Amino acid sequence: MSPRTRKPPALRHEAPANVSVPTLAAVVRQQTGLAWSRARALCVEGRVSVDGERCVDPAARIAPDAAVVVDEHARKLRTGALAERAIVHADRDVVVVDKPAGMLCVPDAPGTKGTLADLTRTLLRGIGRGPDTALGVVHRLDRDTSGLVVFARTATAKRMLAAQFRAHDIDRVYHAVAHGDVEATRVETILIADRGDGLRGSFGHFRRPRGGPPPEGKRAVTHVRPIALLAGATLVECRLDTGRQHQIRIHLSELGHPLLGERVYIRDYAGPRLAAARIMLHAHVLGFVHPRSGERMLFRRDPPDDFRERVEALGRS
């Protein structure tokens, strides 16, 4: 085997107990000594794996015992143009897009190209669907999450949609695959940026609280309903009353049922881990009041092939 194709050894990074959990890009930079921009690029290009699974999110938090492999000569992950079928709805005020997994909604660093916003604008221009204007961002999905996203095409639409998101007047339903036998429940917590070990989480869950929650804490409510029991996992529906960062991933993990493909909110899980190439989370339903017509609009998109294939494989087990 030539040096260019030899698989690099898996290195386990070790973070001191009093240091926040590092991002994947930080671990890559620590191992290789490369610049931040190159470390992030290696992640996005699919040349880094964590515990044997490719991880393309440079901002993913990496557990201290994770095995991280960096292969600068691995085949680059191909990210083609957005398919026309990804445009679910487009008018002069809003655009609804079915985001593929592995794509950023917006740039995470200066100079980042190929985001959902960029590719959506390019596609709309190419197929003649309305004015060639910048798209206003009112919410976003994580890189590994697939599903429905809405962009605004005017300043008025952006302002009105943003107000609906702030008022939690948006219909948002996700499908996810979680470890174990998940029961129907309603979860309400206060999410904080650091639960006590550097990870985002619910106030009082990781560490016994001293006093009330901090003022920057955010109320988060998730309604969980099992759809199908699989081999070692459950296909679930998660309906959001609020839309906080990583809300579903945190709430399911704190229930003892981290999502398949989870690499951050899983350190406390003692059960057998089921592999997945990405986090098994899909934004299935998105609804809002149209900023011009006042009509309530509701959109649905089924999960992509990789999600369905993983569910079917577990169903056959």
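Modeller: Contact here means heavy atoms within 4.5 Å, and helices (H or I, at least four residues) and strands (E, at least two) are DSSP runs numbered from the N terminus. Ala, Val, Leu, Ile, Met, Phe, Trp, Tyr, Cys and Pro count as nonpolar, Asp, Glu, Lys and Arg as charged, and the others, Gly among them, as polar.

Bear in mind that this is a predicted model, in which local features need pLDDT of at least 70 and side-chain atom pairs count only at pLDDT 80 or more, while totals for chains, interfaces and linings use all residues. Residues are numbered from 1 along each chain as its sequence is written, and side-chain values use heavy atoms, with hydrogens and water left out.

Now the geometry of that pair. Helix α1 covers residues 24-32 and helix α2 covers residues 36-44; they pack at an angle of about 115°, and their axes are 9 Å apart. (Axes are lines fitted to C-alpha atoms over the stretch in contact, with angles from 0 to 180 degrees between N-to-C directions.)

Strand β10 (residues 185-192) pairs with β12 in the antiparallel sense over seven bridges; strands pair if DSSP finds at least two bridges between them. Within that pairing, Glu188 stands opposite Val221 in β12, and Thr185 has Val224 as its bridge partner. β12 is also joined to strand β13 (residues 233-240) by seven bridges, and these two run antiparallel. There, Thr222 stands opposite Leu240 in β13. β12 and β13 form a hairpin with three residues between them, and Gly232 in the turn has a positive phi of about 80°.

β10 has another antiparallel pairing, over two bridges, with strand β11 (residues 201-202). Leu191 finds its bridge partner in β11 at Ser202.

The structure holds two cavities of 30 Å³ or more. A cavity is a set of points on a 1 Å grid over the protein atoms alone where a 1.4 Å probe fits but cannot get out, and lining residues have an atom within 4 Å of a point. Points are joined across faces, edges and corners, and volume is the space filled by probe spheres set on them.

The largest cavity has a volume of about 50 Å³. His139, Leu141, Leu148, Arg172, Tyr174, Ala283, Val285 and Leu286 line the largest cavity. β9 and β14 (281-289) each supply at least two of its lining residues, and β14 gives the most, with three. That lining has six nonpolar residues, one polar and one charged.

The second largest cavity holds about 40 Å³ of space. Its lining is made up of Arg121, Leu124, Arg125, Arg129, Gly130, Pro131, Asp132, Thr133, Leu135 and Arg153. By class, you get three nonpolar, two polar and five charged residues around the second largest cavity.

Terms used: 1 Å grid on protein atoms, 1.4 Å probe; cavity = no way out; pocket = protein on both sides within 12 Å on 5 of 7 lines; lining within 4 Å.
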